[in-house]
Amino acid sequence: QIKQNPHFINDYSIFAIKYLTQTYDFEQALSLVDNIEITNESTLYKLNILQHQGNDEDAIAIIEKLLINPKKDKWFYLILRNSAHYFNYEDAKDNLNECLKYFEKNGSLFDVATVYNNLSVIEIWNGAKKFSAAKSNIKKSINIHLRISSNEIFEPYWNYSVLLFCENNYADSLYYINLSLDELPHRLELDIIAITLNKWICEYALGIIKLSELYENIKSAFNKPIINKDPWIKFQVKYNLYNVEKKFIGFSEINYDNYYIEKQKKFTGFEVFYKVKGIDISLSLSPNWRY
């Protein structure tokens, strides 16, 4: 006789929550996570959902409460790893270095690789003075992912492409964008939209596509209803479309939310504002937290 798993319902709910989050059914995922025991693990999944929904106010409140008297298990450090964009640069760096120490001693190689990736995200965000450190951390992350044959190598590839773009090395940037797209799971449609925006901008910088093609490409992303599921992705699309449209036809009636621009005054982020051929653009970075 097979012994029944007393945690079956909870385990099944966690599997369902992770699946629903990856398929962007955030409301259903949130309803499930609110019906299971509150632990650091369930809190991690809830925070992922809230971040996708752009509900930073509730996410920050949960993190602040968690930090008062934390139970420092694996899930706590995953939350700390995932929440750099709710701290200023120095605090985010300290948190990620604390995660790195924990996972080097208690975690898997994959965990270590993800922390190196997230360190590179805040370093690229912080500007050229941190590019050397970012490059070192990205390479560490890539080498570990190669060693363990992880397809989540798409994230450091993605971030390396942004760093190279910011160094005006557009050809190598496009190379790493394509490497990232080759590894990116097809079900992660929002992530594909974000990095494809980067690709179009890079192709325009290289002269592979014209301004008219860049405009039509971004407009095609704007017309995909799925971008409405994630405010950050929606911002990336609308901000870039607004600026490209102004350059192409002289004006734009696109309205984008200034939230992610204003947020950078207080916290780190995973968008890099840059200028290419006189156009203000936003390139997306890829932190390990979305799933």
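These legends go with close-up views of a predicted model.

**View 1. A look into the largest nonpolar core.** This core has 100 residues. Those touching the most other members are Phe-103, Ile-124, Val-162, Phe-165, Leu-214, Ile-218 and Leu-285. As for where its members come from, the largest share belongs to helix 11 (residues 189-206), which supplies ten residues. In general, nonpolar side chains in soluble globular proteins tend to be buried together.

**View 2. Zooming in on Ile-124 and its contacts.** Which residues does Ile-124 touch, once those up to four places away in sequence are set aside? Phe-131, Ala-134 and Ile-138 are on the list, and so are Asn-159, Val-162 and Leu-163. Val-272 and Leu-285 complete the set. Two of these partners, Val-162 and Leu-285, turn up again among the core residues that touch the most other members, as does Ile-124 itself.

**View 3. Helix 9 against helix 10.** Two packed helices are described by the angle between their axes and the distance between the axes. Here the axes of helix 9 and helix 10 come within 8 Å and cross at roughly 165°. Since angles over 145 degrees count as roughly antiparallel, helix 9 is therefore roughly antiparallel to helix 10. The crossing of helix 9 and helix 10 is left-handed. On the helix 9 side, the contact is made by Phe-154, Tyr-157, Trp-158, Tyr-160, Ser-161, Leu-164 and Phe-165. Helix 10 meets them with Tyr-170, Asp-172, Ser-173, Tyr-176, Ile-177, Leu-179, Ser-180 and Glu-183. Between helix 9 (154-166) and helix 10 (170-183) is a loop that holds Asn-168. Asn-168 isn't a glycine, yet its phi is positive, near 65°.

View 4. Glu-152 sits in the loop between helix 8 (131-148) and helix 9. Is Glu-152 buried or partly exposed? Its relative accessibility is 28%, so Glu-152 counts as partly exposed. Leaving out residues up to four places away in sequence, Glu-152 touches Phe-110, His-145 and Asn-288.

View 5. Strand 1 (residues 271-276) runs antiparallel to strand 2, and six bridges join the pair. Pick out Phe-273, and its bridge partner in strand 2 is Ser-282. For Val-276, the partner is Ile-279. Two residues lie between the strands of this hairpin, and in the turn Lys-277 has a positive phi of about 50°. Strand 2 (residues 279-284) is mostly covered, with five of its six residues buried. As a rule, side chains in a regular strand alternate between the two faces of the sheet.

**View 6. Tyr-24, tucked into a loop.** Find Tyr-24 in the loop between helix 1 (8-22) and helix 2 (26-33). Its phi is near 65°, a positive value in a residue other than glycine. How accessible is Tyr-24, buried or exposed? At 4% relative accessibility, and with buried meaning under 20%, Tyr-24 counts as buried.

**View 7. Asn-95, a buried residue on helix 6.** Asn-95 belongs to helix 6 (residues 89-106). Its relative accessibility is 14%, so Asn-95 counts as buried. With neighbours within four places in sequence left aside, Asn-95 is in contact with Leu-80 and Phe-87.

Methods:
Residues numbered from 1 in each chain as written. Predicted model: local features only at pLDDT ≥ 70, side-chain atom pairs only at ≥ 80, totals over all residues. Heavy atoms only, no water. Core = buried A, V, L, I, M, F, W, Y, C linked by side-chain atoms within 4.5 Å. Buried < 20%, exposed > 50% of the residue type's maximum accessible area, 1.4 Å probe, protein only. Helix = DSSP H or I, 4+ residues; strand = E, 2+ residues; numbered from the N terminus. Contact = heavy atoms within 4.5 Å. Pairing = 2+ DSSP bridges. Axes fitted to C-alpha atoms, helices over the stretch in contact; angles between N-to-C directions. Parallel < 35°, antiparallel > 145°, perpendicular 65-115°, else oblique. Left-handed = near helix turned anticlockwise from the far one by under 90°.
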